[in-house]
Amino acid sequence: FETCGKDCSHQVCRMELAGQELPYVLVDSIGERFGVYEDHLGFLKKRFHLITMKEYLENKTFLSKKISAIYVWYHRPVINEELVQSLPNLKIVASAGVGIDHLDLKLLSSYGVKVSNTPFVVSTDTADMGMALLLASARRLVEGHEMAVSPDTEYFPADWLGVEVSGATLGILGMGTIGYKVAERAKAFEMKILYHNRNQRKKEEESAVGAVYCKKIDYLLQQSDFVLLAVTLTPQTHKLIGKRELELMKPTATLINISRGLVVDQDALVEALQNKVIKAAALDVTYPEPLPRDHPLLKLKNVIITPHIGSATKKTRWVMVEEMTESIEAGLAGLPIPREVLELKDM
Ligand SMILES: O=C(O)C(=O)CO
């Protein structure tokens with residue numbers, strides 16, 4: 001590295017001048033699906049020695065004492081007790097995004113490891129994604145595209161029509177920051193909004209988007225034309241939507257999931273879609289991710305699946321990286337950690 005001079009404020013230069021080594025940060029990989037983007041490498045390499053899981057496993061003896069932070073995208077690298085135990089100087093795990101269901105907070109805290117995430121920056125994009133899936137499913141965007149590019153583009157069957165969004169009822173399960181932003185968008189689309197949340201929102205927040213609170217989810221499921229999942233994955237929301245809940249939904253209804261795949265019993269969903277218990281599903285999340293190529297969900301016409309891209313815009317991904325870096329630097333310097341995770345919160 002080149003140092004710029006005594007007064008330079010770059011982390012790398014300050015450390016070089018002080019004769020310190022850059023922190024070693026474990027990442028899943030570089031340039032792969034759950035790894036560091038090549039675009040972010042320049043920024044990160046000025047601050048950290050990035051060690052991929054592969055490098056770590058190949059040179060464990062040397063690296064295990066060096067690594068002081070882990071940079072995790074959703075569920076990779078897998079952070080289990082074996083890994084935590086093998087890293088005696090681990091101080092902080094910086095997790096991308098809002099969901100932290102892939103982390104065992106109790107385990108990490110028992111080893112004195114702090115956790116941070118990036119909950120606020122992802123909310124707008126993820127809400128946009130929820131609305132995009134709702135609109136795409138209602139107006140059959142994916143099938144429409146296939147029809148437009150097919151050689152047989154004149155073919156337009158009578159039963160092909162979509163459903164109106166305006167005036168339809170949207171039931172939002174999980175009214176944290178993301179769920180509320182979906183409600184703001186749905187209001188602009190003239191939808192009626194029902195919601196369920198662990199905690200009822202303030203009256204003024206409800207009336208700002210015209211949302212009606214449902215204490216029990218059954219009523220919401222029975223009344224909604226679109227049911228959108230934006231709950232945090234916890235033991236209470238694990239497979240929250242199963243056979244019984246799908247049967248409560250209207251046969252004309254669509255299920256949209258921007259939360260976590262495990263909030264839905266996927267086998268029950270496949271069965272419900274095959275048997276037309278509900279009309280359609282639009283899923284940004286599944287389990288596992290990606291689905292095996294022969295999974296029945298991939299064969300259904302009434303399903304849209306995207307590869308967990310709720311927060312996947314250029315600007316947001318940059319801010320996520322900056323925020324994770326800021327949290328690691330604070331954690332390693334013993335300073336208060338921005339966005340430290342102390343408990344599970346609403347999305
Ligand atoms: O931020 C998260 O946890 C997401 O999954 C966004 O899609």
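Me: What classes of residue make up the lining of the largest pocket?
Reply: This is a predicted model, where local features need pLDDT of at least 70, side-chain atom pairs count only at pLDDT 80 or more, and totals for chains, interfaces and linings use all residues. The lining of the largest pocket has 16 nonpolar, two polar and seven charged residues. Ala, Val, Leu, Ile, Met, Phe, Trp, Tyr, Cys and Pro count as nonpolar, Asp, Glu, Lys and Arg as charged, and the others, Gly among them, as polar.

Me: What volume does the largest pocket have?
Reply: About 650 Å³. Of its 25 lining residues, Glu 143, Leu 300, Lys 301, Asn 302 and Val 303 are the closest to its centre. On a 1 Å grid over the protein atoms alone, a pocket is an open set of points where a 1.4 Å probe fits, with protein on both sides within 12 Å along at least five of seven lines; a cavity is a set the probe cannot get out of, and lining residues have an atom within 4 Å of a point. Points are joined across faces, edges and corners, and volume is the space filled by probe spheres set on them.

Me: Which element gives the most to that lining?
Reply: α8, with five residues. Helices (H or I, at least four residues) and strands (E, at least two) are DSSP runs, numbered from the N terminus.

Me: OK, cavities now. How many of 30 Å³ or more are there?
Reply: Two, from a search of the whole structure.

Me: Switching topic: is Thr 118 buried or exposed?
Reply: Thr 118 counts as buried, because its relative accessibility is 0%. Buried means under 20% relative accessible area, exposed over 50% and partly exposed in between, with a 1.4 Å probe and protein chains only.

Me: And what is Thr 118 in contact with?
Reply: Leaving aside neighbours within four places in sequence, its contacts (heavy atoms within 4.5 Å) include Ser 95, Gly 97, Met 320 and Arg 339. A polar atom of the Thr 118 side chain lies 2.9 Å from the backbone nitrogen of Gly 97.

Me: How are residues numbered, and which atoms do side-chain values use?
Reply: Numbering runs from 1 along each chain as its sequence is written, and side-chain values use heavy atoms, leaving out hydrogens and water.

Definitions and conventions
A polar contact is a pair of N or O atoms within 3.5 Å; within protein, one must be able to donate a hydrogen and the other to accept it, and residues adjacent in sequence count only if both atoms are side-chain atoms.
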